[in-house]
Amino acid sequence: MIEKTYNQAIKEAIFQSMKLSKDIIVFGLGVGTTSNIYGTTKGLKEKYGKNRVFDTPASESALTAMAGGMSIAGLRPLLIHQRFDFMLYSLDQIVNWISLWSFKSGGKSQMPLTIRAIIGKGWGQGPQHSKTLHAWFSHLPGLSVVYPSTPYEAKGLMMSSLFSNFPTIFLESRSLHSMKEKIPTEPYFLDPTKAVIKTKGDDLTIVGFGPSLLNALEVANQLKTTTRKSCEVIDLRSLNPIDEETLINSAKKTKKLCVIENGWPDSSIASDVVSKVVQRVKLEKNPMIFCWPKSFVPTAYPLEKEFYLKNDEILKKIKNKVFS
């Protein structure tokens, strides 16, 4: 075990995966150049060569189509979009080709590709560069959608994605890049379909994923300190599919539910989690959802700071509505 940051864990996952399989190809805007995708691809081209690691022009739709063609030909491409927002230029490829390819072929042909999509937050990204559209892609059958919350998950889920036989959207919040955690130095794989219970508790189930897991853990800790209530914190890891059984079993125990999500509330993962739970569990209190305001992320830092989720506000509302 050695301490790594979130982006170092991703870098290690890519390096080790490319060593394990010569079929893995890495490409995208900024790959193998000065930026090296926040340092996560630095040294890849020198180690594995320009035929396996290369920078590309800004043509997201063409790049995604190319990834699809590579995967049909037997390769395992990793396409990196430095800004999640610009993945929208790839919607035709993802929605009309990649997600349904296995279904159209009756399972006889697969597209084992991974799209790494980095979500912006901080230093004035503004409305165009900080959207998080994870719920859109989670709506599609045929796509695996994962959203790691820690360095340990980042490495294990990246490796699992690269060796999966299904197309995967690997979501990554830049706000987590500096997060540190001890992880195994050897390759390892995590089940991308299973949620994990981060802390056990009996009084409230709190669900988070990606950066909102940090909110969930901090709120749970504050509730334990101030009210002596124990929370069961669940890290979804996977947004498609969602691990319903872990959610249901926890909600049956606590009879109370809270979901925290860095995203807009309408048609959200949070509302989907609540729907899945209340159909099978009779809760003692109305479930609570904490999401972004129904607006766009402002550019100015003071306004941006006001926009994002605040743990003290979440804590106050839970105390008033759940434990009052």
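Predicted model: local features only at pLDDT ≥ 70, side-chain atom pairs only at ≥ 80, totals over all residues.
# A tour of the chain

Residues are numbered from 1 along each chain as its sequence is written, and side-chain values use heavy atoms, with hydrogens and water left out.

**Whole chain.** Start with a cartoon view. The chain has 14 helices and 14 strands, where helices (H or I, at least four residues) and strands (E, at least two) are DSSP runs numbered from the N terminus. The radius of gyration is 20 Å, close to the 20 Å from the globule rule for 324 residues, so the chain is as compact as a globular protein of that length; the radius is taken over C-alpha atoms, and the rule is 2.2 Å times the number of residues to the power 0.38. Along the principal axes, the C-alpha atoms fill a box of roughly 60 × 45 × 40 Å.

Switch to contacts, defined as heavy atoms within 4.5 Å. Of the contacts between residues at least 6 apart in sequence, 82% join residues at least 24 apart.

Now show the surface. The chain exposes about 14300 Å², with carbon and sulfur atoms supplying 54% of it; areas come from the Shrake-Rupley method with a 1.4 Å probe, and for residues only the protein chains shown count as cover.

**Helix H2.** Select residues 36–39, which form helix H2 and include Asn36. Asn36 is buried, at 12% relative accessible area. Leaving aside neighbours within four places in sequence, Asn36 is in contact with Gly30, Thr41 and Lys42. Tyr38 is also placed in helix H2. Tyr38 is partly exposed, with a relative accessible area of 29%. What is the phi of Tyr38? It is positive, about 55 degrees, although Tyr38 is not a glycine. Most residues other than glycine have a negative phi, and most peptide bonds are trans.

**Arg83.** From Lys42, go to Arg83: the two are 41 residues apart in sequence and 18 Å apart in space, C-alpha to C-alpha. Arg83 is found in the loop between strand S4 (76–81) and helix H5 (91–98). Its relative accessibility of 24% counts as partly exposed. Beyond neighbours within four places in sequence, Arg83 is in contact with Ile118, Gln125 and His129.

**Cysteines.** Select the cysteine sulfur atoms next. Cys231 is buried, with a relative accessible area of 5%. The sulfur of Cys291 also has Cys258 as its closest cysteine partner, but at 9.8 Å it is too far for a bond. Cys291 is buried as well, at 15%.

Select Asn240 and Pro241. A cis peptide bond joins them, with omega about 5 degrees. Pro241 is found in the loop between strand S12 (238–240) and helix H11 (244–254).

Finish at Ser267, in the loop between strand S13 (257–260) and helix H12 (269–278). Is Ser267 buried or exposed? At 70% relative accessibility, Ser267 counts as exposed. Phi of Ser267 is near 50 degrees, a positive value in a residue other than glycine.

How values were computed. Buried < 20%, exposed > 50% of the residue type's maximum accessible area, 1.4 Å probe, protein only. Disulfide = S-S within 2.5 Å.
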